[in-house]
Amino acid sequence: MQDLSGDERQLVEWLADMNEDEALGLARRMLLEEGRDPMRVLALCREAMDIVGKRFEEGEYFLPELVLAGEMLETIGAIAKPLIQLAPGEAPAKLGKVLIGTVHGDLHDIGKNIVSFMLDINGFEVRDIGIDVPVERFLEEIRSYRPDVVGLSGFLTLAFDSMKETVEAIGAAGLREGMKIMIGGGQIDETVRGYTGADAFGTNAVEAVNLCRGWTAVAA
Amino acid sequence: MPRLDRGGGMNAALPVAAGSAAAAPAASATDAGAAYDARWQRIMDCVALRQPDRMPVAFYATFWLARYGGISCRQLMYDYEATKAIAERALLEFEPDACGPLVAMIASGRSLEAIGFKQLQWPGHGVGENQPFQYLDREYMKPEEYDEFLFDPTGFYLQKYLPRVAGAFEGFDELPVFPGLHYFRLLTGIRAFARPGVRESFERIVAAAEEVERFAGHAADFVERARGHGYPLINGVNAVSPYDFIADYFRGATGMMKDLFRNRDKLLEMLDKASVFLLRQTIATARASGNPIVMIPIHWAPDAFMSPKQFETFWWPPFRKMLLGMIEAGLVPMPLWEADCSKRLETIRDVPPGKCIYWFERTDLVRAHEVLGDVVALRGNLSPSVMTTGSAADVDQAVRHLAENVFHKGGRLILDCAFGVPDETPVENVRAMFAAARRYAG
């Protein structure tokens, strides 16, 4: 973003530096007292999240910072979104659509939720269909949502087979054309990626964002 | 007090001294006794950083036993006799140098049901009959409750925590506040015990305790059968680090991560307090078990989960305090460092040499040996992906890699999978693991 005013720069800095109380106070003032453009405030949030993401990739930030950043953005989003008045066709363009869920048999969702959030704030439209998702549900959602990327999450070793079944079923249903599948979770590595037939795997949320960016940039 | 120098014992939930049940028949009691001693010696040589006569191999499995024995996960958790028989058969087939408390770790279904346990979904209770149990990450203590816990942990447990985590305790939310009861106030104070909800809780707890006694008896029986065949338990009880205790069982994953910023001082105070009562409890249960080795699954230390500075502020100091206390009490801490903890190695090196076993899940053991080889014994760590999706030949090569690059380089390595045998592992891959250990390291 160009041409940030003094307090805009301050908001980005406080968000990126995890100064929660100060950042939320300033965002509230900008939105509720000064009537600033909510779209502009959300853009500042995305600017801050770019910095958070970079710091994560550089090894300065870790999961706790991603979680707190998520909380701060959720709070600001809840204030800003009711104030947004979009004209028809004015909805912000998204980079691509991602369908994400934890495969059947596995109830873990912390990693998946962080990936969903990071994709969302990085400009992707995300449909998160929860945990313990049966193969058939993935197929139905793919047919109706037409995602660019499907993300399969799983923490347990039983997820290896669930992922493999899901990937194979997507292929067998003829839905794989023009779509990528990524997998992630605590036990996932290249061996598991090969076993499941997924296109790629990631070990953290930023890797998931980078995979999606790479794929949608190529598609575009 | 039982001696703390032999490999008997049971799970942390069941700190009952083994030794009451009759030994199972063995080919020769003398031979089994000698084999037991030799196996235990191998483990203790590793702990003391001495060269063992061969690379020991540990056997640790939970729901994999269902696959191995051809029963459902639910049966494994509920059928004491079947589970004991399967675990015993596995010992006799694989001949490990030590095993986990296999029955105590898994046959808890009836006890969980009796106590109305809410933090877990287990086969037939929230997950399918052939699926493993899964912990429910939730906020079991709210952020505004730190002060209450810190002021009176026991009161918080009785009236808030226990009713939240187990149905049998739900009536306890009506219990009186004990501090302050005195003189005639004691009489009015106990009126709550006559209330129907409180009475019902006590009845349910007694019934649950009776089930846990049966469970403990079967777990002890397995330990004795294993001993009768010449197999020691590698650990008697489990413990938990102060940080993981609060993160997993009180604040939940995301709550805890936010507390690093929002409730920093209260969290530090609770960590300090927890390190004291967790240490006391660990020493007492380990001594009751008669086995000095204490397994400590570590969830929140991995590289990705917090910065080095956060690790050195929140995670490591209270845990190190526990480690030193356990060592001083004659125990052998065996943390299982889950996921990848490569960036923690230099920090966690700071313990007295020859006193601990560090079990690593995904951390490269070659690197761990380089950094920690003169301080701790190592355990692990055949990857779950190789064990479950690889061939027997892949497993053989993975064992060979560890034997050649860790054990034969002077690492006091106890070979095992990354976190026990993964549930889906083909049996031939487990056979390959044990055969390769003998082939490449005695």
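In which handedness of crossing does H11(B) pass H12(B)? The crossing is right-handed, a word used when the near helix is turned clockwise from the far one by less than a right angle, with left-handed kept for anticlockwise.

Before the rest, some ground rules. This is a predicted model, in which local features need pLDDT of at least 70 and side-chain atom pairs count only at pLDDT 80 or more, while totals for chains, interfaces and linings use all residues. Residues are numbered from 1 along each chain as its sequence is written, and chains are lettered from A and ligands numbered from 1 in the order in which they are written. Helices (H or I, at least four residues) and strands (E, at least two) are DSSP runs, numbered from the N terminus.

Back to that helix pair. H11 covers residues 242–251 of chain B and H12 covers residues 253–262 of chain B. Their axes come within 7 Å and cross at roughly 125°. Axes here are lines fitted to C-alpha atoms, for helices over the stretch in contact, and angles run from 0 to 180 degrees between N-to-C directions. H11(B) and H12(B) are therefore oblique to each other; under 35 degrees counts as roughly parallel, over 145 as roughly antiparallel, 65 to 115 as roughly perpendicular, and the rest as oblique.

Which residues meet there, from H11(B) and from H12(B)? H11(B) brings Ile246(B), Ala247(B) and Arg251(B), and H12(B) brings Ala253(B), Gly255(B), Met256(B) and Asp259(B). Contact means that the C-beta atoms of two residues, placed from the backbone, lie within 7 Å. By class, this contact of H11(B) with H12(B) has four nonpolar, one polar and two charged residues. For the classes, Ala, Val, Leu, Ile, Met, Phe, Trp, Tyr, Cys and Pro count as nonpolar, Asp, Glu, Lys and Arg as charged, and the others, Gly among them, as polar.

H12(B) comes up again where the chains touch. There, 27 residues of chain B are in contact with 23 residues of chain A. On the chain B side, the elements that give two or more residues are H12 and helix H17 (384–389). H12(B) gives the most, with six residues. By class, that side of chain B has twelve nonpolar, eleven polar and four charged residues.

Staying in chain B, take helix H18 (residues 392–405) and helix H19 (residues 427–441). They pack at an angle of about 35°, with their axes 8 Å apart. H18(B) passes H19(B) in a right-handed crossing. The contact includes Val395(B), Val399(B) and Ala403(B) of H18(B), and Ala432(B), Met433(B) and Ala436(B) of H19(B). By class, the contact of H18(B) with H19(B) has ten nonpolar, one polar and four charged residues.

Now chain A. Helix H6 (residues 135–145) and helix H7 (residues 158–172) of chain A have axes that come within 9 Å and cross at roughly 40°. H6(A) and H7(A) are therefore oblique to each other, and their crossing is right-handed. Val135(A), Phe138(A), Leu139(A) and Ile142(A) in H6(A) meet Glu165(A), Thr166(A), Ala169(A) and Ile170(A) in H7(A). By class, that contact of H6(A) with H7(A) has six nonpolar, one polar and one charged residues.

The domain assignment, which is automatic or from a database, gives chain A domain 1 (6–83) and domain 2 (97–219). How far apart do the C-alpha centres of domain 1 and domain 2 of chain A lie? They lie 27 Å apart. Eight residues of domain 1 of chain A are in contact with six residues of domain 2 of chain A. Five residues, the largest share of the domain 1 side, come from H3(A).

Last, some backbone details in chain B. One open sheet has three strands in the order E4-E3-E5, with mixed pairing; strands pair if DSSP finds at least two bridges between them. Strand E3 (residues 120–123) and E4(B) pair in the parallel sense over two bridges, and the bridge partner of Trp122(B) in E4(B) is Gly126(B).

Most residues other than glycine have a negative phi, and most peptide bonds are trans. The bond from Gly380(B) to Asn381(B) is cis, with omega near -25°, and Asn381(B) lies in strand E10 (residues 377–382) of chain B. Glu95(B) has a positive phi, near 50°, and lies in the loop between helix H4 (80–94) and strand E2 (98–99) of chain B.
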